[in-house]
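Hi,

Here is the structure I promised to pass on to you. Have a look first, and my notes follow below.

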Amino acid sequence: MSTKRNVYVWAMRILMWLASGITAALTLFLVGYVLVQGIPNITWEFLSTKPSYLSDTIGILPDILNTVYIVIATLVIVIPLGVGAAVYLTEYATNKKVVGIIEYAAEALSGIPSIIYGLVGMLMFSNNFGTCLMAGALTLAIMNLPTIMRNTQESLKTVPQSYREGAFGLGAGKWRVIRTVVLPNCIDGVITGCILSAGRILGESAALLFTAGFAHSLNGFVAGLGSSGATLTVAMYVYAKERGEFGVAFGIAAILMMLAFLINLSATAVAKHFRKKNAE
Amino acid sequence: MKKKRNLLENIIHGVFLILGLITVGCVLMITIYLVISGIPAIREIGLVEFLFGDTWAPTAAQPQYGILPFILTSIAGTGGAILIGVPIGFFTAVYLAKKAPKRVKEVVGQAVSLLAGIPSVVYGLVGMTVLVPGIRRIFRIPDGSGLLASIIVLSVMILPSIIKMSVTALEAVPKEYEDASLALGATPEETWFRVSVPAAKSGIAAAVVLGIGRAIGEAMAVMMVAGNVANMPNSPFQTVMFLTTAVSYGMGYSDGLYRQALFSIALVLFLFVMLINAVLDFFLKGEQK
């Protein structure tokens with residue numbers, strides 16, 4: 001082989017190794033650094049109390065609860081909308097133009113930066129019924145609509161046409177076919193979509209700052225939705241940037257990192273499980 | 001009975017149609033809200049003065065509302081992130097899609113997913129505590145936060161999108177192409193870079209555009225490392241404000257025309273993003289062909 005080609009091959013090899021090495025090292029460093037800095041700050045007291053000015057301690061229980069509330073509320077709002085839209089697209093829509101418009105809109109929604117969601121959410125929801133977790137959940141529901149819709153659509157496409165035809169042949173109406181044949185078979189897509197959405201909600205901050213606010217009070221589910229509250233991510237931002245509490249911030253960051261890892265693992269596991277099930 | 005069933009079917013069809021159109025409704029609502037709240041300030045300030053004015057001083061005695069520094073910063077920051085992130089992402093993607101052993105591919109693939117799942121504020125936190133002091137020490141400047149720190153944070157943040165999308169595009173290249181090239185005596189590396197990459201070029205282009213979209217829309221991580229002063233981006237160490245951070249930074253304590261101008265900035269950002277989306281759509285359509 002000519003020297004020139006040899007040089008080319010080796011240059012490409014080295015570039016590939018270098019780039020992959022940088023990517024791997026970056027990930028390793030980020031994960032390692034956050035965990036090393038953060039884990040020593042995570043104590044039972046840190047997890048189970050609320051911030052107290054009297055004893056000058058910081059606990060993140062309210063932020064944990066707020067995160068749980070907002071994930072639940074967002075999913076409850078977005079699942080019917082996303083699944084409904086997916087069912088419409090795969091089962092009802094016959095007009096190609098309408099399908100094109102809806103899919104383009106979904107794509108546009110997933111491209112809009114979260115700060116714009118935050119701003120519009122503030123105008124649409126918070127200015128009407130106050131800065132509260134519910135306003136944040138509604139904003140995040142719009143944001144996650146494409147995720148749920150697309151994952152449901154994917155799994156609806158795997159439902160064999162013969163199932164539908166069989167049900168129709170037995171005299172079932174369209175709604176009945178959807179209810180008894182189509183919907184039960186799209187559960188995998190909905191679950192995958194929910195996991196991905198939960199991950200996105202967990203990491204979201206810009207869309208929540210001006211819609212859900214940043215209070216740290218301890219509330220029940222219903223009262224929590226009606227009052228202002230910081231999720232873990234927003235709380236981490238406030239502690240790091242506004243208050244210079246880096247220990248607390250790294251503690252929360254380590255928790256967020258572990259949750260992100262957990263969500264990734266479960267998304268992969270779920271996808272594997274369903275692929276196996278569908279192959280059978 | 002038939003009639004009753006037909007009525008029910010029609011109602012349900014209608015319900016699903018409405019659910020399907022909600023996506024479109026959301027996009028319309030967002031657009032309308034942004035236009036309605038963004039236009040008044042532009043009218044009052046004047047479009048040219050707003051877009052090309054080089055001074056942003058909304059709280060001065062003689063307020064000035066020029067957002068050229070933000071526009072240029074967003075372009076410089078995104079461009080810089082692409083310059084660093086794309087080569088790293090591209091070569092990693094080729095390695096993962098073509099060369100990596102199965103186990104390595106699984107582990108690095110998992111790592112890339114994790115990188116994508118890390119919240120942007122965590123990137124900001126590490127940037128604040130590692131990168132900013134690091135830049136300060138290496139270059140011996142009083143403040144390490146600024147354009148360079150933002151570019152580095154952004155380039156790491158766009159890596160996962162670029163890698164994932166490029167890998168998908170590269171894996172979709174028909175095996176026959178590569179086999180033909182190998183049979184003609186090309187080495188694997190030559191085959192990947194001269195046959196597979198050109199065959200996957202619209203997918204890779206889409207990955208780059210997606211990265212641009214991510215970078216231009218990022219707010220929180222950048223806000224933690226950019227320094228947040230409305231300077232022109234005329235040096236890598238300049239403290240700067242992006243379109244996104246100008247909005248989130250000012251939103252907390254602004255009123256009157258200042259606040260309205262923030263909505264106008266969001267409108268400008270929105271137009272940028274819509275343009276990027278249209279380009280992305282173009283490349284994705286090319287991919288399908």
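At what angle do helix α1 (residues 3-38) of chain A and helix α4 (residues 102-117) of chain B pack, and how many Å apart are their axes? Before the answer, some housekeeping. This is a predicted model, in which local features need pLDDT of at least 70 and side-chain atom pairs count only at pLDDT 80 or more, while totals for chains, interfaces and linings use all residues. Residues are numbered from 1 along each chain as its sequence is written, and chains are lettered from A and ligands numbered from 1 in the order in which they are written.

Now the answer: the angle is about 55°, and the axes are 10 Å apart. (Axes are lines fitted to C-alpha atoms, for helices over the stretch in contact, and angles run from 0 to 180 degrees between N-to-C directions.) The helices α1(A) and α4(B) are therefore oblique to each other; angles under 35 degrees count as roughly parallel, over 145 as roughly antiparallel, 65 to 115 as roughly perpendicular and the rest as oblique. Their crossing is left-handed, meaning that the near helix is turned anticlockwise from the far one by less than a right angle, with clockwise giving right-handed. On the α1(A) side the contact is made by A:S20, A:T23, A:A24, A:T27 and A:V31, and on the α4(B) side by B:V108, B:A111, B:V112, B:L114 and B:L115. Two residues are in contact if their C-beta atoms, placed from the backbone, lie within 7 Å. This set divides into seven nonpolar, three polar and no charged residues. Ala, Val, Leu, Ile, Met, Phe, Trp, Tyr, Cys and Pro count as nonpolar, Asp, Glu, Lys and Arg as charged, and the others, Gly among them, as polar.

Stepping back to the whole interface, 66 residues of chain B are in contact with 70 residues of chain A. Helix α1 (residues 2-45) of chain B gives the largest share of chain B's side, 19 residues. That side consists of 44 nonpolar, 16 polar and six charged residues.

Next, chain B by itself. There are twelve helices and two strands in chain B (DSSP runs numbered from the N terminus: helices are H or I with at least four residues, strands E with at least two). Its C-alpha atoms fill a box of roughly 80 × 75 × 30 Å along the principal axes. Of the 289 residues in chain B, 51% are buried. Here buried takes 20 or more other C-beta atoms within 10 Å of a residue's own, exposed 12 or fewer, and partly exposed lies in between, again with C-beta atoms placed from the backbone.

Within chain B, helix α3 (residues 68-99) and helix α9 (residues 201-217) pack at about 140°, with axes 9 Å apart. These two are therefore oblique as well, and α3(B) and α9(B) cross in a right-handed way. Residues in this contact include B:G77, B:A81 and B:G85 of α3(B) and B:V208, B:G211 and B:A215 of α9(B). By class, the contact has nine nonpolar, five polar and no charged residues.

Finally, two backbone details. Most residues other than glycine have a negative phi. B:R140, in the loop between α5 (120-139) and α6 (147-171) of chain B, has a positive phi near 50°. B:R140 is exposed, with 7 other C-beta atoms within 10 Å. B:N228 also has a positive phi, about 55°, and sits in the loop between α10 (220-225) and α11 (243-251) of chain B. B:N228 is buried, with 21 other C-beta atoms within 10 Å.

Best wishes
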